[in-house]
Amino acid sequence: MKLFYTRLSRADRKFLDNHLDDISEKILKKCAGIPLAIITMASLLAGKPECEWSMVYNSIGFHTTDNREAEDTMTILSFSYYDLPPHLRTCLLYLSTYPEDYEIEKDSLIWKWIAEGFIDGKQGTRLFELGERYFNDLINRSLIQPVENWWNGRVERCRVHDMVLDLMRKLSSDETFITILGDNVEETPAPSSVRRLANLNRIAEHINSETMVTGMPKVRSYTAFNCFIDSRDQFLRFKLLRVLDIVDCSFEKGCHLEHLGDLLHLRYLRIRLNGSSFELPMQIGNLKLLQTLDVRQKFPQTLDVQGTLPASIVHLTELVRLCADKKVPDGIGKLVSLEELIILDGFIDKPKRFFKELASLRELRVLEFVTDDGMDESMLGDFMESLSNLHKIQHIVVDGSAWYADTAMWEAAGFVLPRPLHYLGWRLIIFSKLPSCISSTRLPNLAHLMLYVITMDEQDLKLLARLPALCYLNLSTESTVTASNINSSDRSFFQKLTHFQTDQMVQFEQPDKEDTSVSLHMWNGKDAMPFASRKSNDSRKVVPSGVMPNLEMLCFDVRLWALHW
C-alpha cells in the first residue's frame with residue numbers, strides 16, 4: 001500500500017494521506033505484492049481520475065491459474081503498454097533490440113529513435129528535446145527504469161525489467177517489428193519480411209551468410225551487441241539501411257568499411273569495437289542523410305586511436321551529432337546543423353582555427369572536447385568569442401590539459417555565457433577569480449557546475465549558492481572560505497543542491513545553541529583553521545534542517561600533514 005500510494009503521490013499530492021478504499025484493495029490484491037506490478041499499476045492510474053479506477057480494474061483480464069501472480073503481472077504490463085499513445089508504444093517496442101540487463105545510453109537511444117523516424121517534429125521544438133520527453137514519459141509510467149550516474153545523480157542510462165523486455169520481444173515478434181537472433185531468442189521469420197535485425201551476444205556467422213543477406217532486401221536497421229562477426233563486411237550489403245549500430249563486437253578478419261559510402265540512406269552510424277581499431281573510408285562523405293556519427297572506442301587508452309577523421313566528413317551537412325576519439329579535420333565549421341560535438345582526443349592540429357570555426361555552429365547544444373596542450377591567451381580569446389555566438393548551447397565540458405584563465409581579461413571583453421546553459425564542466429580551466437558571468441541572473445538554468453577558482457571569498461561562495469537550479473557542484477579553490485550567518489529560513493543558499501564535491505576540508509559550525517544560523521567553512525589546509533575543535537559530547541545541533549535541505553552526497557578532502565623528524 002505504501003509503495004502504491006508513494007508512486008501515486010509523485011503525480012498527485014492528494015494521495016499522500018489517502019486510505020485504502022475498496023477498489024485500491026482489489027487492485028493491490030491482484031498485484032500480489034510484486035513490486036513491478038504495484039509500481040506499473042500505480043503509474044497507469046496516476047493520470048486517471050479515481051472514478052475511472054474501477055473501469056480500469058474490470059478491463060484487465062486477470063488469471064485464475066496456479067501461476068496467476070506472474071501472469072497477472074504480465075497482464076498489467078500489457079494493459080499499460082496498450083494504454084500508451086502510439087508514438088510511445090513504438091519507442092518502447094524498440095527497446096527489445098537491446099540485450100537483457102543492458103544499461104542503455106539515453107542519448108544514443110533518442111538519436112536512434114530520430115533516425116528511425118519515430119519522433120515527429122513540432123514547430124519550435126528540437127527533435128532531441130522531444131525525444132527526451134518521450135524517454136521521461138516512459139520512466140514516469142514505470143515501463144523503463146532510470147539509471148543514475150552515482151557521482152552526480154544525472155539520469156544518463158536506463159534499464160528494462162526482464163518481464164517488460166519479454167513482453168516487448170513477444171509483441172515485436174508478433175508484429176514483425178524487430179527480428180532478434182541470440183540472447184536466448186531464436187526467431188525464424190520469413191527473410192523477406194525482416195525490417196529491423198538485431199544480433200545479441202552471439203557468433204553472428206549465420207546472419208552474415210551470403211544467402212541471408214541477399215534474402216533480406218528490406219532491412220532498414222542492423223544492430224549487433226557483444227557479437228563475434230566472422231565476415232568482414234556482409235552487413236554493409238543491406239543497401240536500404242537507416243541505422244547501423246555495432247557495439248562491443250569483435251571481427252575475425254578485421255573491420256573493413258570500404259563500402260560504407262554505398263549506404264546512401266544511412267541516418268545513424270555507431271561503431272564501438274572491442275580490442276581493435278578501425279578507419280573510416282573517405283567515401284563516408286557520400287552519406288548525405290547521415291545525422292549521427294559515433295565512432296568512439298570502448299577502451300581508447302589501450303588502442304592506437306591517433307589519427308584524423310576523413311576530411312570528407314565536412315560535407316555531411318545533415319549531421320547533428322558527431323562523437324569521436326580522433327582529431328577532427330579543418331572545415332568543421334561547415335557542419336552548420338551540428339547539435340552535439342564530442343571529441344575525446346586532443347582534438348585538432350590547428351586549435352586556433354578550430355576555436356574560430358566553432359562560431360559557425362549556431363545550432364550547437366552540446367560541446368565536449370579534450371585538449372593535449374591547453375591553450376594560449378589568443379586561443380582562449382577565440383574560444384570565448386565563439387561561445388558568445390552559441391546562443392543555444394546547454395552543455396559544455398572542457399577536459400585534458402589545464403588552462404590558466406585571467407578573469408580580468410574575460411571581464412574586459414564583456415564575455416557572457418549563453419543563458420540556456422545547464423551543464424558547465426570547467427574544472428580544468430583555472431580562473432584567477434570567480435567570473436561575473438556565473439551568477440543567478442545570467443545562468444538561471446545552470447544545474448551542473450565543475451569549477452576551479454584560485455581566489456575566492458565569502459561573497460563568491462554565496463553567489464554560487466544563489467544559483468537557483470544548481471544540483472551538482474564540484475568546486476576547487478586555493479583559498480580558505482567561510483560563508484557565515486546562513487539561516488535555516490534563508491531560501492537562497494544551495495536550496496536544490498544534491499551533490500557537493502570539493503578539494504577543501506568542509507566543516508559546518510553553529511556559533512552557540514541559541515543561534516539558528518550556521519557557518520560553512522572550506523579550509524585549504526594551509527591557512528589558519530577557521531573553525532574550532534569540538535568535543536565528542538558536544539550536543540549543539542550543527543546543521544539546521546533548512547540549510548542545504550536536498551544534499552545527498554558531500555565529498556571533501558581531509559588535510560593530513562606528515563610529521564618530519
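Q: Which residue in strand 7 does Leu-197 stand opposite?
A: Strand 6 (residues 196-200) and strand 7 (residues 221-225) run parallel, joined by five bridges. Strands here are DSSP runs of E with at least two residues, helices are runs of H or I with at least four, and both are numbered from the N terminus; two strands pair if DSSP finds at least two bridges between them. Facing Leu-197 across to strand 7 is Tyr-222.

Q: What kind of model is this?
A: Residues are numbered from 1 along each chain as its sequence is written, and side-chain values use heavy atoms, with hydrogens and water left out. Local features need pLDDT of at least 70 and side-chain atom pairs count only at pLDDT 80 or more, while totals for chains, interfaces and linings use all residues, the model being predicted.

Q: Which residue of strand 6 is the bridge partner of Gly-182?
A: Strand 4 (residues 179-182) also pairs with strand 6, in the parallel sense and over four bridges. Gly-182 has as its partner in strand 6 Leu-200.

Q: How many residues of helix 7 are buried?
A: Helix 7 covers residues 106-116, eleven in total. Its buried residues include Trp-111, Trp-113 and also Lys-106, Lys-112 and Glu-116. Helix 7 is largely enclosed by the rest of the structure, because the buried count is ten.

Q: How do helix 7 and helix 8 lie to each other?
A: Helix 8 (residues 127-140) packs on helix 7 with the axes 9 Å apart and an angle of about 115°. Axes are lines fitted to C-alpha atoms (for helices over the stretch in contact), and angles run from 0 to 180 degrees between N-to-C directions. Under 35 degrees counts as roughly parallel, over 145 as roughly antiparallel, 65 to 115 as roughly perpendicular and the rest as oblique. The two helices are therefore roughly perpendicular.

Q: Which residues of helix 8 make the contact?
A: Contact means heavy atoms within 4.5 Å. Helix 7 brings in Lys-106, Asp-107, Leu-109, Ile-110, Trp-111, Trp-113 and Ile-114, and helix 8 answers with Leu-127, Phe-128, Gly-131, Glu-132, Tyr-134, Phe-135 and Leu-138.

Q: Which strands stand at the edges?
A: An open antiparallel sheet has three strands in the order 20-23-22. Strand 20 is joined to strand 23 (residues 517-523) by five bridges, and Ile-486 has Val-518 as its bridge partner there. Each edge strand has a single partner, so one side of each lacks a neighbour in the sheet: these are strand 20 (481-487) and strand 22 (505-509).

Q: What angle does the direction of helix 14 make with that of strand 20?
A: Helix 14 (residues 458-465) packs on the sheet and touches both strand 20 and strand 23. Its direction and that of strand 20 make about 55°.

Q: What is the relative accessible area of Phe-494?
A: Phe-494 sits in the loop between strand 20 and strand 21 (499-502). Its phi is positive, about 50°, although it is not a glycine. Phe-494 counts as buried, at 2%.

Conventions:
Buried means under 20% relative accessible area, exposed over 50%, partly exposed in between (1.4 Å probe, protein chains only).
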